[in-house]
Amino acid sequence: MTTVVAQGTFDILHPGHVHYLEEAAGMGDELHVIVARRENVTHKDPPILSNRQRRAMVAALDAVDEGHVGHPEDFFVPIREIDPDVIALGYDQHHDEEQLAGALDEAGLDCRVERASGREQVHEDELLSTGKIIDRICRERCD
Ligand SMILES: Cc1cc2nc3c(=O)[nH]c(=O)nc-3n(C[C@H](O)[C@H](O)[C@H](O)COP(=O)(O)O)c2cc1C
Ligand SMILES: Nc1ncnc2c1ncn2[C@@H]1O[C@H](COP(=O)(O)OP(=O)(O)OP(=O)(O)O)[C@@H](O)[C@H]1O
């Protein structure tokens, strides 16, 4: 039984999220997803949707066995609880694979780190980023 963890903001789902989570699910038998807490999303605009709504939507996807809202301070608390065999980093997540693998090792967590691929655009008008969806809403629906 191989347990995989995926993580991210997941504010307003799109096909890129589904691609990532299906690929992560294919790395093992059971997929857990950690949804970043709003207060920890500091590298871009904060999510529109609440922690619990983002968790519920991710958990409703076929590829996902369980969704979790992340820990406010210590990212290794949920990792210890889930005890995964694999952490699947998203194609553009800023975390360094080797640094993360080293930190897991130091914390006594026996877990490998894999990098998922990005989704290629299938249709010319496909929006594969929450930020781009929000930009289009603002352009087309707001004065
Ligand atoms: C192994 C791992 C565990 C994480 N655990 C948490 C957590 O417990 N709480 C949290 O708020 N964010 C956590 N994060 C951070 C976010 O899920 C996310 O990766 C980060 O904010 C980058 O966001 P992005 O996917 O929007 O680029 C974790 C990230 C990694 C790589
Ligand atoms: N187009 C995509 N292809 C594959 N994976 C993706 C794609 N978009 C996002 N992901 C992955 O999904 C996870 C959550 O991403 P995140 O919520 O930051 O989405 P985003 O759409 O890139 O957001 P934003 O546009 O606000 O930066 C991350 O691991 C990210 O790498």
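Just after helix 4, the residue G108 adopts a positive phi of about 80°, where helices (H or I, at least four residues) and strands (E, at least two) are DSSP runs that are numbered from the N terminus. Helix 4 itself covers residues 97-106, and of its 10 residues the number buried is zero, so this helix lies largely in the open. A residue is called buried if 20 or more other C-beta atoms lie within 10 Å of its own, exposed if 12 or fewer do, and partly exposed in between, with C-beta atoms placed from the backbone.

## The model and its numbering

This is a predicted model, in which local features need pLDDT of at least 70 and side-chain atom pairs count only at pLDDT 80 or more, while totals for chains, interfaces and linings use all residues. Residues are numbered from 1 along each chain as its sequence is written, and chains are lettered from A and ligands numbered from 1 in the order in which they are written.

## Overall build

The protein contains five helices and five strands, and from the N terminus on its elements follow the order β-α-β-α-β-α-β-α-β-α. Taken along the principal axes, the C-alpha atoms fill a box of roughly 55 × 30 × 25 Å. The radius of gyration of the protein is 15 Å, which agrees with the value near 15 Å for a compact globule of 143 residues; this radius is taken over C-alpha atoms, and the globule rule is 2.2 Å times the number of residues to the power 0.38.

Of the 143 residues in the protein, 25% are buried. Among the contacts with a separation of 6 or more, 72% join residues 24 or more positions apart, two residues being in contact if their C-beta atoms, placed from the backbone, lie within 7 Å.

## The nonpolar core

The largest nonpolar core has 20 residues, and those with the most contacts inside it are V4, A6, A24 and A88. The elements that give two or more residues to this core are strand 1 (3-8), helix 1, strand 2 (30-35) and strand 4 (86-89). Such a core is a set of buried Ala, Val, Leu, Ile, Met, Phe, Trp, Tyr and Cys residues joined through C-beta atoms within 7 Å.

Leaving aside neighbours within four places in sequence, A88 is in contact with V4, V5, A6, A24, M27, E114 and A116.

## The loop residue D11

D11 is found in the loop between strand 1 and helix 1, and it is buried, with 24 other C-beta atoms within 10 Å. Beyond its neighbours within four places in sequence, D11 is in contact with P47, I48, L49, R54 and T130.

## Surroundings of the two ligands

Ligand 1 is surrounded by 17 residues, of which the closest are Q7, G8, T9, G70 and F75; strand 1 and helix 3 (76-82) are the elements that give two or more residues to this shell. A residue is near a molecule if its C-beta atom, placed from the backbone, lies within 6 Å of it.

Around ligand 2 there are 19 residues, the closest being G8, G16, G90, S129 and G131, and the elements that give two or more residues to this shell are helix 1 (15-25) and helix 5 (130-141). Helix 1 gives the most, with four residues. Of the 12 residues of helix 5, the number buried is one, so this helix lies largely in the open.
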